[in-house]
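Please read the following note with the model open beside it. The points below take up single residues as well as the chain as a whole.

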Amino acid sequence: TKFPFPYAQLVATMLVILTIFTPIAMSVMLPHYVWSTLGTFFPVFGAFCLNNIALELEMPFGDDDNDLPISHFQEEMNS
């Protein structure tokens, strides 16, 4: 089943807030810009990756490359 629309909107809003405020927080906490960049990139990238994985797991059947072959499963069950 799909997630309710308000939940999906809240997740998208929180990702935007994370993207905006993480660089600010990291630049205050970490002394060098290289560490601030790395400390910003990995958490934000990880959050977006988890969101994209959740979107793929939400609808596993279809025509995309990663989708499950539902027609093949149906043929196996019918034979």
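Is Ser-79 buried or exposed?

1. Ser-79 is exposed, with a relative accessible area of 78%, where exposed stands for over 50%, buried for under 20% and partly exposed for the range in between, computed with a 1.4 Å probe and protein chains only. Ser-79 is placed in the segment after helix 3, and its side chain comes to 3.1 Å from the backbone oxygen of Glu-76; such a polar contact is a pair of N or O atoms within 3.5 Å, of which, within protein, one must be able to donate a hydrogen and the other to accept it, while residues adjacent in sequence count only if both atoms are side-chain atoms. Between the C-alpha atoms of Ser-79 and Leu-15, which are 64 residues apart along the chain, the separation is 46 Å.

2. The model is predicted, with local features requiring pLDDT of at least 70 and side-chain atom pairs pLDDT 80 or more, whereas totals for chains, interfaces and linings use all residues. Residues are numbered from 1 along each chain as its sequence is written, and side-chain values use heavy atoms, with hydrogens and water left out.

3. On confidence, pLDDT (the predictor's confidence in each residue, from 0 to 100) averages 89 over the chain, and 96% of the residues score at least 70. The mean is highest in helix 1, at 94, and lowest in helix 3 (residues 70-78), at 88.

4. The chain has three helices and zero strands, these being DSSP runs numbered from the N terminus (H or I with at least four residues for helices, E with at least two for strands). Its radius of gyration is 19 Å, whereas a compact globule of 79 residues would have a value near 12 Å; the radius is taken over C-alpha atoms, and the globule rule is 2.2 Å times the number of residues to the power 0.38. Along the principal axes, the C-alpha atoms fill a box of roughly 65 × 30 × 15 Å.

5. Buried residues account for 10% of the 79 residues in the chain.

6. The chain exposes about 6700 Å², of which carbon and sulfur atoms supply 72%, with areas taken from the Shrake-Rupley method with a 1.4 Å probe. Leu-10, which sits in helix 1 (residues 5-29), is one of the residues of a nonpolar surface patch that also includes Phe-21 and Met-29.

Technical notes
Patches are made of residues with over 30% relative accessible area and no salt bridge: like charges are joined within 9 Å, nonpolar side chains (Val, Leu, Ile, Met, Phe, Trp, Tyr) within 5 Å. A salt bridge is a side-chain nitrogen of Lys or Arg within 4 Å of a carboxyl oxygen of Asp or Glu.
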